[in-house]
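Thanks for coming. Let me put the structure up and then go through its contacts.

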Amino acid sequence: MKNKRIFVVLSMLLIVALLTACGGSNEPGENNVANNAAANDAPANNAPAGDAPADDISADAEPVTLKIYLLDYTADTIAWLNSEINPAFEAAHPSVNVEITEGSWSGWDTTFSGFFAAGEGPDIINLGSEMNTLYGESLADMDAYLSEGAWDEIGNFGPALENAKYEGKLRGLPIFTAPRYVFCRTDLMEASGWTSGTPQNFADWVEFGAQASTIDKATNSLTQQALVPVDAGSMADWQWWLLVFYSLGGELYKADGTPNFDSTEALATTEFMLEMRQAIYGDALDAVGMLPTGQGSVIDVNDETGVDNGAVCLAHSGWAAPPFDRPIWENISIDPFYGDPENFPNSRPVVLAFNDWLAVPEYSENKELAAEWLKMAFSKEGNHKWNETMGLIPARNDAQYGYVVDSPQLASEAELAAEFGVGFAGIKEAAKLSTIMQEALGKLVTEELTLQDVVDKIQEDYTAALAE
Amino acid sequence: MMSNPYFNALLTAAGAIIFILATSYGLGVFASWMAKRRGATAKVQENTFAGYLFAAPWIVGFIIFVIIPLVFSLYWSFTDYRVISSDPPQWVGFENYSNLILNDDGFRQSIVNTLYLTVLGLPLQISVALLLAVLLNQKLKGERVFRMAFYLPVILGFNTAVLLCWRLMLNTGTGIINQIIRGLTQAFPPFGYLNRAAIYLQEISSAFFLGISNGNFNLLNKVIEAGFPAEVRVPLWVQSPLWSKMSVVLLMVWGCGTMMLIFLAGLNNIPKELNEAAEVDGATKWKQFWKISLPLLSPHIFYNLVVGMINALQIFEPIFVLYRDNGPLVPSAISMVYYLWQASFSHFEIGYGSAISWIILIIILVITFVQFRMQDRWVTYDLY
């Protein structure tokens with residue numbers, strides 16, 4: 001009886017071991033040994049996307065799934081990728097199946113930390129502008145596949161390419177340039193009695209904030225907000241602070257690399273944020289209610305009710321802009337943020353340029369395949385079409401044709417970005433800076449901390465964060 | 001060799017089942033062998049084998065998904081480990097713990113916020129649960145419908161959809177909660193004074209706690225100086241740091257269904273003859289409740305207090321969904337577990353986050369231990 005038991009146990013263990021060994025033959029890494037060896041020895045071939053498959057990926061290779069993780073794209077974008085790019089790529093690489101997973105910007109950090117902690121996940125991930133320094137160490141060096149010597153089309157990417165680099169090495173490719181400008185409903189401005197257009201200094205902005213905001217007496221809440229800078233409620237978003245700071249000619253870091261939040265520009269920026277908030281909401285303790293949930297962005301009109309969406313001006317990117325075929329565009333102006341030239345001679349018009357990009361993690365065992373897919377999706381036509389589905393400006397300069405030049409709005413955005421664009425890359429410890437600034441700025445608008453306390457706190461905490 | 005994904009999935013499932021069976025059997029055999037070594041009879045050995053065979057799936061799961069991660073977490077808490085860095089964990093000893101306790105203002109802030117939710121929110125939650133249970137115990141018509149309605153929030157849980165609805169309801173201007181308050185204020189003017197008084201008291205208490213967090217009481221001074229709120233004032237639920245914690249308390253109270261059921265079971269267990277005898281002696285309903293029902297409910301109150309305290313100290317979802325996209329309000333609402341999430345998954349400092357998790361565990365253990373030690377003073381398990 002005892003021998004029988006032992007025999008059964010040993011048999012079961014043997015079966016489990018055999019099955020585990022068999023299942024291991026499906027791992028992409030093992031199937032791509034030849035591919036990776038070839039990749040290590042020589043860069044990928046320079047054949048333009050859509051041509052004959054790479055020589056080192058044989059049709060007889062084990063099946064491979066190339067996984068791509070995208071964040072918050074339109075249905076049109078995904079449909080285009082699945083109907084055109086992926087089938088073409090799979091036709092060119094018979095043993096490869098492309099799988100797109102759609103995620104959300106809400107909770108992306110938790111998702112990505114899981115990928116990196118596990119050391120496995122998608123082969124291509126969607127990152128934001130400031131994330132090159134955050135994830136750089138864990139991203140693959142793609143110079144061998146995408147740099148000038150490896151891909152002759154790389155030179156067509158504009159300054160946005162810097163967002164996709166870490167320590168001088170390419171880690172992926174930028175998708176678009178999304179400038180964050182100020183766009184205003186000129187009709188609502190005039191209706192409020194404001195006739196001088198988009199304000200061009202701090203004093204005008206504060207006056208405009210009070211004049212163009214309307215309050216419903218019955219609910220003591222806003223029905224129209226003069227300016228919605230990213231976040232309608234608190235008006236204390238860190239990216240809004242950076243836009244204003246850069247417009248004053250501020251530099252985020254001193255020459256020695258330490259933070260520059262103890263500068264006069266930083267104090268002035270913080271003071272302006274508080275004054276704007278108070279001009280619209282009043283004192284913190286007697287603040288009026290904010291706009292109804294869901295209002296404030298996109299700056300548009302409800303066709304059925306004729307009710308405006310609550311914002312007169314919006315400091316945001318094209319995500320908050322209505323579709324370009326909407327008639328409301330006749331009443332929308334697009335401007336940079338002008339700073340405060342009266343008090344700060346170094347002020348300059350600024351448009352924060354965000355560049356979402358696709359990166360290849362170091363853990364990926366399909367780097368060469370990932371590079372091939374990127375080349376296909378980011379060809380001149382691919383980059384153009386990708387951004388056409390979203391109404392954004394392609395990162396490739398040679399892809400800015402057709403809808404980009406035909407649309408007066410996009411043409412204006414592109415001009416603004418080219419002339420006044422300030423990149424959002426290269427921010428050290430971006431996640432910690434965001435937390436530090438949001439905490440301090442939140443206490444600013446509630447007057448828990450004084451102006452000086454706020455900048456001192458950010459300076460101290462950020463310096464400590466960088467020292468770690 | 002195997003290219004069909006469905007076949008692979010079936011194979012993986014089969015492998016998992018075989019693994020569970022094999023380990024269960026192995027654990028049973030090991031247990032019976034240990035029993036045999038201790039001199040147990042064949043019958044006892046057989047019973048031991050059977051017992052461990054059936055308990056093994058849970059035991060193995062517990063080891064794999066709880067014990068092993070716990071051990072790793074404890075190790076990482078003594079290291080500097082950034083998950084997105086290519087560097088392995090660096091041993092730093094007690095540095096994470098000392099930084100948390102001595103230097104980290106953010107963590108202290110999260111402790112103060114959690115304390116607010118526990119000290120103010122939990123008693124409110126228990127009180128409302130008790131009140132609902134007493135009402136349901138009156139054996140009125142439709143009792144089952146009401147019981148289901150009050151328990152429904154527990155079933156719905158703090159999932160994202162529900163919490164997003166709460167964001168709509170808590171909007172200062174158009175949210176239904178403030179609309180009801182305005183309506184009542186207009187219909188019953190005395191209610192308006194009550195509303196303003198409640199707002200004033202709430203803002204003072206909240207400003208006090210914020211002052212402890214910030215190390216200065218600027219806001220408290222401003223609240224007191226501003227005086228009695230204006231007539232048009234309503235709670236600024238998800239708009240102001242003075243109200244962010246109270247909005248979470250509201251959600252805690254909304255989810256008191258489980259506590260209510262515990263109290264209801266306790267009330268049903270109280271012998272009727274006790275109340276009848278008291279009624280005969282001339283005791284009022286209130287006196288019957290205060291002198292008979294409440295003392296006999298003490299074990300149930302104790303249970304709800306212990307479980308409620310543990311839940312309050314670990315609160316996360318309501319704060320995450322309500323304030324995740326409202327960065328400036330996060331510091332006023334951040335709880336210890338939210339701070340842990342932020343350190344681990346937003347700043348990617350797994351070592352630091354692990355240290356936070358162990359400190360939270362110690363805090364919960366200490367508080368629970370104190371509660372159990374103090375129960376002898378007020379909890380009675382005797383009926384007569």
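Predicted model: local features only at pLDDT ≥ 70, side-chain atom pairs only at ≥ 80, totals over all residues.

Residues are numbered from 1 along each chain as its sequence is written, and chains are lettered from A and ligands numbered from 1 in the order in which they are written.

Chain A has 17 helices and 15 strands; these are DSSP runs, H or I of at least four residues for helices and E of at least two for strands, numbered from the N terminus. Of its 468 residues, 48% are buried, meaning 20 or more other C-beta atoms within 10 Å of the residue's own, with C-beta atoms placed from the backbone.

Now the chain contact. Two residues are in contact if their C-beta atoms, placed from the backbone, lie within 7 Å. Chain A gives 50 residues and chain B gives 50 residues. On the chain A side, α1 (2-24), α5 (108-118) and α16 (430-445) are the elements giving two or more residues, and α1(A) has the largest share, 10 residues.

Last, the domains, whose bounds come from an automatic or database domain assignment. In chain A, domain 1 covers 28-175 + 355-418 and domain 2 covers 179-354 + 428-467. Their centres, taken over C-alpha atoms, are 33 Å apart. Domain 1 of chain A puts 15 residues into the contact and domain 2 of chain A puts in 14.

How values were computed:
Buried ≥ 20, exposed ≤ 12 C-beta atoms within 10 Å, placed from the backbone.
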